[in-house]
Amino acid sequence: MNPPLLAVEGLGLSLRTRHGPVAVLRDVALRLDAGETLGLVGESGSGKTMAALAIIGLLPQPGGVITAGSIRLRGEELVGAGAARLRQVRGGEIGMIFQEPMTALNPLFSVGEQVAETLRAHEGLGRRAARARAEEMLRLVGVPGRARDYPHQLSGGMRQRAMIAMALACRPSILIADEPTTALDVTVQAQILDLLRDIQRRFGAAILLITHDMGVIREMADRVAVMYAGRIVEEGGAAAVLNRPAHPYSRALIACIPQPGAAGGERQLLAEIPGLVPPPGRWPEGCAFMPRCVAATARCRTAPPDIAAGPGHSAACWLGAAGAAI
Amino acid sequence: MSDRPLLQVRDLKVHFPLRRPHPLAPARVVRAVNGVSFAMMPGRTFGIVGESGSGKTTTALAVMRLVAPTAGHIELDGVDLVPLSAAALRPLRRRFQMIFQDPFSSLNPRMTAGAIVREPLDLMAVGTPGERSRRIAELFAAVGLRPEQQRLFPHQFSGGQRQRIGIARAIATRPDLIVCDEPVSALDVAIRAQILNLLLRLQREYGLAYLFISHDLGVVQHMCDDIAVMYLGRIVELTDRAALFRRPLHPYTWALLSAVPGAAAARGEARVRLAGDPPSAIDPPAGCGFASRCPFAEPRCRSERPELRDVAAGHWVACHRVDRAGRGPHEATPQPAAAVPPAWSG
């Protein structure tokens, strides 16, 4: 059997701080198959961006250290791989899209030059060939004839398209999109999500979509992983997780969002999750969600087991299937 | 509840002149708010929703008199605020206050939380100093902060707690109206729910009216009684929440609701997509501002600006293509006026 496109297992990551090393990822496992979209959701500080950076070998320096686990790309171990190989992977086999295109694009070069630069670095194309491919990529993502424009001359949506062109230039098999539409207006966000779907259909790239927006997940993802305090607490098919969340945290997170499109009626208070996400370094032993969990019991002080909540759907919780009744 | 509006905005315009690149260049003006009128009832929440550049925040700032209106009237209980001097405005300030989007930059980092909440009481000389101290303790409890937290500085609080401080400061003078400019946009989803619930509880307790500015349709639908949709400096549709979400009439509102991720899928509708970005508010188009992106635009839409008109009781829309029977151009199946659902007509 072929190894999965991307397999992350038991990944631990710690950062050096004034108070010594602090774990920010603990025992993270993710699998991404060709052509699928995996949504990674969680609040700020849950570790979703750190997980993405670890996958592409961009650990915060100094002090970011992978303490455990493996990251395999088509079976090839990336943990401990050389800097040159990781550079090949980034932008070559794995493309990246960030939240704020204005900070990710270089303001001093035209967008065409920046896309061409990626191609020259990774595919060794000559100046003219790279230029032509860059223009073609920009046309493909809906920014035709703007290759000579600088980032500031483009609107937010256009810049995000230019960044997608850059990420796609080398036809990666994986696209990591970290909050790709969070900074955009809703009508422009819809265009960008359509573009990502279209690109996936055309190129067959797998997408790791990091977002805090459950609506985006509902619209885009095949599978979802929910992160809390550096751990994956639930994973499963998108519809199963969104409609029948098994972990108390996922349930609470989904319940506290005002639902657009819901029928009118009297205004009611939203469900609340009391308290705050604890910062790294102050994660409780056992289940990190325990202090905020309505269903916590004494056994939650020891690390919870992964329980099956359905086919391909698991949650790390002591409550087991009985928890679904809460 | 009285029938008299608490706040009446009439034909508000806020224009910002741009610096000319050279002395002979033509004068250019950003028409951020270009003729906006609405009325707000006491104790209710009036939402303004729109995308970047629609003029919603500038409208809020103009109501607060934090930017100077170019033209128009802003009447609070019948008193026009626009011609008033800063000195004449000060005694009225206690009646309308504001909550800002960014709880990190809107609080003075050198003041303690207690001093921040106390400041408006001191400035407007509300009560005796002793009464003010009691009032601050009361306010901290009302927004869910502990009394000893009065002595802490803003950086010692989380984003959600800072927003609570901003809310305590805003309600300190017992205002009738609070302008909320994207009050939860900078917060994480779980914290958002806490702050929205706090705003709802305070409204019930104190009878506050909120002018609620947001780009998030889920939040607007959850919070607002009446909603105005803005596009390019103008209101394109204005009605109550049920009508707007059940049956948007302006093609822009229709596309906006459809663009919310997951919403179209949840309602079992096909998605609608708008091409391009909104045009610039510098030299806005002569006709309808939305014509360049509207799938139903006809030549008239590009030349003649549609006025906001009422097409049903309490439902106002600025679109040439909404017909006499009150059907939006996107409503393919003809629907006789008599068959309009009862909830929509009210």
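Two strands count as paired if DSSP finds at least two bridges between them. In this predicted model, strand 1 of chain B and strand 4 of chain B meet that condition, with five bridges joining them. The two strands run antiparallel. Within the pair, B:Val9 stands opposite B:Ile74 of strand 4. Strand 4 of chain B also pairs with strand 5 (residues 79-80) of chain B. That pairing is antiparallel and spans two bridges. B:Leu76 has B:Val79 of strand 5 as its bridge partner. Two residues lie between the strands of this hairpin. B:Asp77 takes a positive phi there, near 50°.

Positive phi values also occur elsewhere in chain B. B:Asp11, which is not a glycine, has a positive phi of about 45°. B:Asp11 belongs to strand 1 (residues 7-18) of chain B. B:Asp11 counts as exposed because 12 C-beta neighbours lie inside 10 Å. B:Arg65 has a positive phi near 60° and is likewise a residue other than glycine. B:Arg65 sits in the loop between helix 1 (56-63) and strand 4 (71-76) of chain B. With 17 C-beta neighbours inside 10 Å, B:Arg65 counts as partly exposed.

B:Val36 lies in strand 2 (residues 28-40) of chain B. B:Val36 counts as buried because it has 27 C-beta neighbours inside 10 Å, and the cut-off for a buried residue is 20 or more. Beyond its neighbours within four places in sequence, B:Val36 is in contact with B:Val9, B:Leu12, B:Thr59, B:Arg234 and B:Ile235. The C-alpha atoms of B:Val36 and B:Ala286 are separated by 17 Å, with the two residues 250 places apart along the chain.

Chain B is divided into domain 1 (7-19 + 27-227) and domain 2 (249-339). The C-alpha centres of the two domains lie 30 Å apart. Ten residues of domain 1 of chain B are in contact with seven residues of domain 2 of chain B. Strand 2 of chain B gives the largest share of the domain 1 side, six residues. By class, that side holds five nonpolar, two polar and three charged residues.

An open sheet of eight strands in chain B has the order 6-7-8-3-9-10-12-11. Its pairing is mixed. Strand 6 (96-99) and strand 11 (309-312) of chain B are the edge strands, each pairing on one side only. From one strand to the next, the twist averages 20°. Within the sheet, strand 7 (residues 177-181) and strand 8 (residues 209-214) of chain B run parallel and are joined by five bridges. B:Leu177 has B:Ala209 of strand 8 as its bridge partner. Helix 9 (residues 251-259) of chain B packs on the sheet. This helix touches strand 9 (226-231) and strand 10 (234-240) of chain B. The direction of helix 9 makes about 100° with that of strand 9 of chain B.

The largest nonpolar core has 196 residues. Among these, A:Ala165 and B:Leu211 touch the most other members. Domain 1 and domain 2 of chain B both give residues to this core, so the core lies between them. Not counting residues up to four places away in sequence, A:Ala165 touches A:Val115, A:Met137, A:Leu138, A:Val141 and A:Val143.

Between the chains, 34 residues of chain A are in contact with 34 residues of chain B. Helix 7 (186-203) and helix 8 (214-220) of chain A each supply at least two residues of the chain A side. Helix 7 of chain A gives the largest share of that side, eight residues. The chain A side comprises 15 nonpolar, eleven polar and eight charged residues.

Helix 10 (residues 248-255) of chain A is largely enclosed by the rest of the structure, because six of its eight residues are buried. The buried residues are A:Pro248, A:Tyr249, A:Ser250, A:Arg251, A:Ala252 and A:Leu253. Within chain A, they pack against strand 9 (223-228), strand 10 (231-237) and helix 9 (238-243). They also pack against helix 6 (189-206) of chain B.

Key: Residues numbered from 1 in each chain as written. Chains lettered and ligands numbered in written order. Predicted model: local features only at pLDDT ≥ 70, side-chain atom pairs only at ≥ 80, totals over all residues. Helix = DSSP H or I, 4+ residues; strand = E, 2+ residues; numbered from the N terminus. Contact = placed C-beta atoms within 7 Å. Nonpolar A, V, L, I, M, F, W, Y, C, P; charged D, E, K, R; others polar. Domains from an automatic or database assignment. Core = buried A, V, L, I, M, F, W, Y, C linked by C-beta atoms within 7 Å. Axes fitted to C-alpha atoms, helices over the stretch in contact; angles between N-to-C directions.
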